[in-house]
Amino acid sequence: MVGGRVGSGNGTNGTGDVHAESEGVGTLALRRGGFIAGYPPFEYLELNKADQIFKKPRFGLYLHLPYCRKRCTFCFYKVYTNRNALPMEEYLASLHKEIDHYASRPEIRGRTVNTIYWGGGTPTTLSVEQMQALGAKLRESFDLAPDLEWTVEGEPATLDPDKARTLRELGVTRLSIGVQSFNEALLDRNGRSHGVQHAFNAVQMARANAFPVINIDLMSGMIDETPETWDSTLDTLLTIRPEHVSIYRMEVYKNTLLYAAGFTGPGVGGIPTDEQELVQWHRAVERLEGAGYTQVAGHAFILKPEHNHWHRVDMWTTGELLGMGVSSFSYMNGSVFQNSSKWDEYVAGAREGRGAVKRSVKLSSRGIMAREMVLGLKLFKVDRPAFRGRHGFDVVELYGTRLSQLEQQGLLEIREDAIELTRRGRDYSDMICALFYLPEHSEKRFTRFATEEELEDSSVLTIAAAPLAFEPAAAPIFSAAVPAS
């Protein structure tokens with residue numbers, strides 16, 4: 001403020017004049033006085049904001065249950081199939097100990113849990129008794145919200161009437177069934193351990209137990225998929241009409257059985273090319289939207305707003321997550337941390353009550369904003385006023401050049417209320433999100449060309465491709481190979 005005074009921390013005016021010039025602060029007249037007790041001056045405090053003082057972000061729990069009957073050929077997750085070498089009972093005992101470890105911490109004790117997610121692996125490989133014990137452990141250890149969303153992933157052939165009934169009795173509200181295809185030959189060709197009839201049976205059991213939301217996972221671009229087989233799978237899906245649909249686009253990573261067998265990527269060994277897969281993807285979007293579904297994320301479609309996956313929404317906006325189990329990730333208090341991905345290290349740490357966290361990073365304020373931007377765009381839209389209210393910055397002030405480039409290429413729209421991906425931008429949401437990494441993160445991200453040993457390396461991986469530059473006169477971010485829509 002030109003010619004103004006500096007207010008003191010107790011609300012009185014100080015005696016030191018600070019004359020601000022157009023280029024910055026001018027001459028400082030040094031004299032006694034103007035004791036500052038805090039910041040900002042109390043006159044700037046707003047009335048009637050007491051309800052926000054102790055407000056916590058929404059909070060979710062993730063439990064990794066890594067056992068499977070067999071490893072799918074395209075799977076790159078941390079899973080185990082040999083329960084004799086790595087006993088499930090010992091793992092679950094360690095998971096119970098880890099729950100005890102966190103439930104006793106004052107930062108977590110009494111905090112309301114809004115979502116629970118059991119992922120894998122295949123959580124439905126657990127027995128009824130194991131499911132009941134784990135569910136009871138969570139209920140006695142945490143304060144679960146009355147409107148809790150509780151998701152469990154299930155492989156169709158591992159689900160039976162007793163397990164389905166048990167999950168619903170525990171309070172599970174969302175059953176996610178990993179189908180991938182409704183074509184028997186394609187399931188076999190792509191290494192799935194269930195058949196089409198198993199999928200039908202799983203849906204029937206889910207309906208019989210009145211799960212509020214049933215999700216079906218499909219995968220576009222599987223080996224030997226054709227427009228005809230894909231359309232047939234979509235026909236069956238729309239006949240079932242689940243509340244939520246997830247369609248993941250086939251990718252081949254270096255730590256998969258497919259890669260080891262020589263299926264190194266699109267166009268190899270019957271895997272559709274990127275162009276062929278994009279046609280399949282657009283066909284799915286067209287048919288789902290035509291049947292009344294709304295696309296809410298790059299891979300997700302819902303029938304009604306209440307069918308949205310709130311665990312995903314929380315984790316990709318402002319929620320916090322506590323992950324438990326081998327290799328699980330967490331995000332709390334501005335820190336990202338991960339448990340050890342080695343079975344023996346995880347089991348030993350959890351069993352001994354000292355936790356199993358192996359690595360972590362504390363995000364700066366810039367890092368927190370970048371995280372919200374990157375993950376928020378995975379939901380297609382970042383709310384500008386809400387972002388500014390949380391951080392004091394407008395996303396356009398932070399990322400103006402990049403946003404302008406993307407808008408010029410027809411990939412997003414800049415509005416007063418939001419930054420939102422266009423229909424064309426949705427096809428490449430993950431590529432677009434990566435453009436908002438901080439400079440110190442722009443050359444380091446998950447890459448398909450990674451072995452499990454490399455992923456374990458705390459140095460993180462260097463992406464093979466050169467990072468994309470952002471200059472006012474830069475060439476288009478995407479090459480001409482990206483088709484316009």
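Modeller: This is a predicted model. Start with Phe263. Not counting residues up to four places away in sequence, Phe263 touches Arg189, Ile223, Val252, Leu258, Val268, Gly269 and Ile271. Take Ile223 from that list. Phe263 and Ile223 are 40 residues apart in sequence, and their C-alpha atoms are 9.3 Å apart in space. The relative accessible area of Phe263 is 15%. Buried means under 20%, so Phe263 counts as buried.

Now the sheet. Three strands form an open sheet in the order E16-E18-E17, and the pairing is antiparallel. Strand E16 (381-383) and strand E17 (412-414) stand at the edges. Each has a single partner strand, so one side of each is left without a neighbour in the sheet. Neighbouring strands of this sheet are turned by 10 degrees against each other on average, direction ignored.

Look at one pairing in detail. E16 and strand E18 (residues 418-421) run antiparallel and are joined by three bridges. Asp383 stands opposite Ala418 in E18.

Two helices belong in this picture. Helix H12 (residues 384-391) lies across E16, E17 and E18. H12 runs at about 50 degrees to E16. Helix H13 (residues 395-408) also packs on the sheet, touching E16, E17 and E18. The direction of H13 makes about 135 degrees with that of E17.

Conventions:
Residues are numbered from 1 along each chain as its sequence is written. This is a predicted model: local features need pLDDT of at least 70, side-chain atom pairs count only at pLDDT 80 or more; totals for chains, interfaces and linings use all residues. Side-chain values use heavy atoms; hydrogens and water are left out. Two strands pair if DSSP finds at least two bridges between them. Helices (H or I, at least four residues) and strands (E, at least two) are DSSP runs, numbered from the N terminus. Axes are lines fitted to C-alpha atoms, for helices over the stretch in contact, and angles run from 0 to 180 degrees between N-to-C directions. Contact means heavy atoms within 4.5 Å. Buried means under 20% relative accessible area, exposed over 50%, partly exposed in between (1.4 Å probe, protein chains only).
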